[in-house]
Each structure stands twice: as C-alpha cells, then as structure tokens.
Amino acid sequence: PATMAECSVLIEKYKAIADGERQARYVAAFDADADAAAHAPLAQEKEEPRKHVTNEELRASLHNVFGHKDFRSGQEDALTRVLKGQSTLLISATGGGKSL
C-alpha cells in the first residue's frame with residue numbers, strides 16, 4: 001500500500017507524462033499542417049461580396065453584444081478595414097480591447 005504522499009508524487013508524474021504526450025501530439029500535428037501548407041498550391045478563394053456596414057450599425061452591435069457605448073482607440077477603424085476586406089494589423093496594449 002502506498003502512502004498519500006507517494007500517491008501524490010505518482011499522480012504528478014502521470015500528469016507530467018500526459019501533458020508531455022499531449023504537447024508532443026500538438027507539435028507533431030502543427031508540424032504536419034505547416035509542412036502540408038508549405039507544399040500546397042495557393043488556393044484561389046472566391047471573394048464574397050461584402051455588405052457595407054455603417055458606423056451606426058457597428059456601434060449598435062458593440063452595445064448589443066458587449067454592452068459598450070463607444071469603441072476604444074483603434075477598434076472602430078480596424079473593424080471598418082476588416083469589413084471592407086482590407087489587410088489590417090491592430091497593435092494594442094493589454095486591456096485595449098483586442099478580443100473585440
């Protein structure tokens with residue numbers, strides 16, 4: 001019979017082994033996906049027509065979904081660009097509302 005301390009040590013060892021195996025599977029899957037992507041021909045995606053969304057509609061959605069009345073700095077411009085199909089990179093500080 002094992003003591004509680006011995007059981008705790010065994011549990012932690014098994015957790016570490018399981019975490020390592022999960023991580024190894026993730027890395028292998030990521031490597032396989034990256035390799036496949038590197039060798040795949042570029043797909044010609046059909047561009048969907050984009051609906052024009054007004055600033056008023058954006059603000060209404062912001063209020064309905066998130067409960068905020070105003071966007072934080074850069075959010076509205078970034079969303080407008082994304083909705084127009086333009087390449088967009090928004091760099092914002094922690095708490096700046098990037099998850100929006």
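A residue is called buried when its relative accessible area is under 20%, exposed when it is over 50%, and partly exposed in between (1.4 Å probe, protein chains only). By this scale Asp70 is exposed, with a relative accessible area of 55%, whereas Arg59 counts as partly exposed at 31% and Glu76 counts as buried at 15%. The model is predicted, so that local features need pLDDT of at least 70 and side-chain atom pairs count only at pLDDT 80 or more, while totals for chains, interfaces and linings use all residues. Residues are numbered from 1 along each chain as its sequence is written, and side-chain values use heavy atoms, with hydrogens and water left out.

The structure holds two salt bridges, a salt bridge being a side-chain nitrogen of Lys or Arg within 4 Å of a carboxyl oxygen of Asp or Glu. In one of them, Arg59 pairs with Asp70, the closest N and O atoms being 3.3 Å apart; Arg59 lies in helix 2 and Asp70 in the loop between helix 2 and helix 3, 11 residues apart. Helices here are DSSP runs (H or I, at least four residues), numbered from the N terminus. Glu76 also forms a salt bridge with Arg59 (2.8 Å, N to O), and this pair joins helix 3 to helix 2 across 17 residues.

How values were computed. Helices (H or I, at least four residues) and strands (E, at least two) are DSSP runs, numbered from the N terminus.
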